[in-house]
Amino acid sequence: MAASYPTKIILAFRSGGVCAMPKCARHLTYNSPTGDDTYVGEAAHIKGEKPKAARYEADMTDVERDHIDNLLYLCTDDHTIIDKVPADWTTVKLLEIKTKHEMQVRQAMELAFADVAFPELQNAVAWVSNQPPATNGSFDLTAPEEKIKKNALSNGARNIIAAGMMSRDTVAAYVEAEAQLDSDFPERLKAGFLEEYFGQRKEGYKGDELFELMCAFAQRGLRKQADRTAGIAVLVYLFEICDVFEK
C-alpha cells in the first residue's frame, strides 16, 4: 500500500511544492512545456511503510502509515538519507521538520495575500484563455462562514479563507477589468474551477481534503510565492461568490 495520488498532491500543496528538508529548498515540480505539470517530490514515510523500514512501528495500520500526517514531502536525495541513516533522523525530528516547514509555507502564503495585484492574478489565471465558459451555476453571494460550516472545513481552511478575503476586492476588480475586454472571462474562470471541483467530488473527496485539492489546482504550474498566493486568492473569491463548494 502507498499514499494515494490525491494525498501526495495535498502533501505537495502543504509543502509549497518545495522539499521540506531544512536548507534544501528544491522546487519539486516539473513544468511541462507540452502537458500538465507534474509533482516530482516524494511522499516519505516518517514512520516506516514496511517491516525493517526506518522508524517502522508494527502497531500502526496501513491507513495510518499512508496518512498525510505521517508523510514528508522530500526530494529523492533527502528521502534516501532519512531512510539510510535513521539514527540521525528520528521520528521526533522528522515530525518537527514537517510541522515547521508546513507552518512556514502557510504563513508565507497568508502574508503574501496583502501583495496580490493584477500582474500576479494575470499569471495565476493565464490558463483561463483556453477554457470554455461555464454552462451552469450562479454568482450569488454566500457568507463565507456559512459556507465554511456547510462544507465541513476546519480552522486551517478557515484561516486560509480569512486571509484570502484580504485580496477579495483586488480579485473582483481584476475580474471586472478582464470582463471589459472579454465578456466571457468570468464564466470561463468559473468553469475551470467548477470542472475540477465536481471531478474531485465525484471521486468522493469532501471537507478539508477537497479544499486542499482545490488549492493545489489553483496553484498548478506556478512557482513564485506571489503567483501561488494569487491563485488561492482567486479560489477564495470564487468560494464566496459562486458554486465552487457547496452553498
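This is a predicted model: local features need pLDDT of at least 70, side-chain atom pairs count only at pLDDT 80 or more; totals for chains, interfaces and linings use all residues.
**Which two domains both give residues to the lining of the second largest pocket, and where does this pocket lie?** Domain 1 (5-102) and domain 2 (116-246) both give residues to the lining, so the pocket lies between them. Residues are numbered from 1 along each chain as its sequence is written, and side-chain values use heavy atoms, with hydrogens and water left out.

**View 1. The two domains.** The protein is divided into domain 1 (5-102) and domain 2 (116-246); such bounds come from an automatic or database domain assignment. Their C-alpha centres lie 27 Å apart. Where the domains meet, eleven residues of domain 1 are in contact with 13 residues of domain 2 (contact means heavy atoms within 4.5 Å).

**View 2. The second largest pocket.** This pocket has a volume of about 380 Å³. To find pockets, a 1 Å grid is laid over the protein atoms alone: a pocket is an open set of points with protein on both sides within 12 Å along at least five of seven lines, a cavity is a set of points where a 1.4 Å probe fits but cannot get out, and lining residues have an atom within 4 Å of a point. Grid points are joined across faces, edges and corners, and a volume is the space filled by probe spheres set on the points. The lining has 20 residues, and Arg-14, Glu-102, Met-103, Val-105 and Arg-106 lie nearest the centre of the pocket. Helix H1 (5-14), helix H4 (91-112) and H11 each supply at least two lining residues, and H4 gives the most, with eight. Helices (H or I, at least four residues) and strands (E, at least two) are DSSP runs, numbered from the N terminus. By type, the lining divides into five nonpolar, seven polar and eight charged residues. Here Ala, Val, Leu, Ile, Met, Phe, Trp, Tyr, Cys and Pro count as nonpolar, Asp, Glu, Lys and Arg as charged, and the others, Gly among them, as polar.

View 3. H1 is mostly covered, with seven of its ten residues buried; buried means under 20% relative accessible area, exposed over 50%, and partly exposed in between (1.4 Å probe, protein chains only). The buried residues are Pro-6, Thr-7, Ile-9, Ile-10, Leu-11, Ala-12 and Phe-13. Ser-15 is found in the loop between H1 and strand S1 (29-30), and Ser-15 is buried, with a relative accessible area of 1%. Leaving aside neighbours within four places in sequence, Ser-15 is in contact with Tyr-73, His-101, Glu-102 and Val-105. Just after H1, Gly-16 takes a positive phi of about 70°. Ala-25, in the loop between H1 and S1, has a positive phi near 60° although it is a residue other than glycine.

**View 4. The largest nonpolar core.** A nonpolar core is a set of buried Ala, Val, Leu, Ile, Met, Phe, Trp, Tyr and Cys residues joined through side-chain atoms within 4.5 Å. The largest one has 68 residues, of which Leu-189, Phe-193, Met-214, Ile-232, Leu-238, Val-244 and Phe-245 touch the most other members. Helix H11 (residues 225-241) gives the most to this core, with ten residues. Domain 1 (5-102) and domain 2 (116-246) both contribute, so the core lies between them. Leaving aside neighbours within four places in sequence, Leu-238 is in contact with Lys-147, Leu-189, Phe-193 and Val-244.

**View 5. Leu-95 in helix H4.** Leu-95 is found in helix H4 and is partly exposed, with a relative accessible area of 33%. Beyond its neighbours within four places in sequence, Leu-95 is in contact with Ile-46 and Asp-69.
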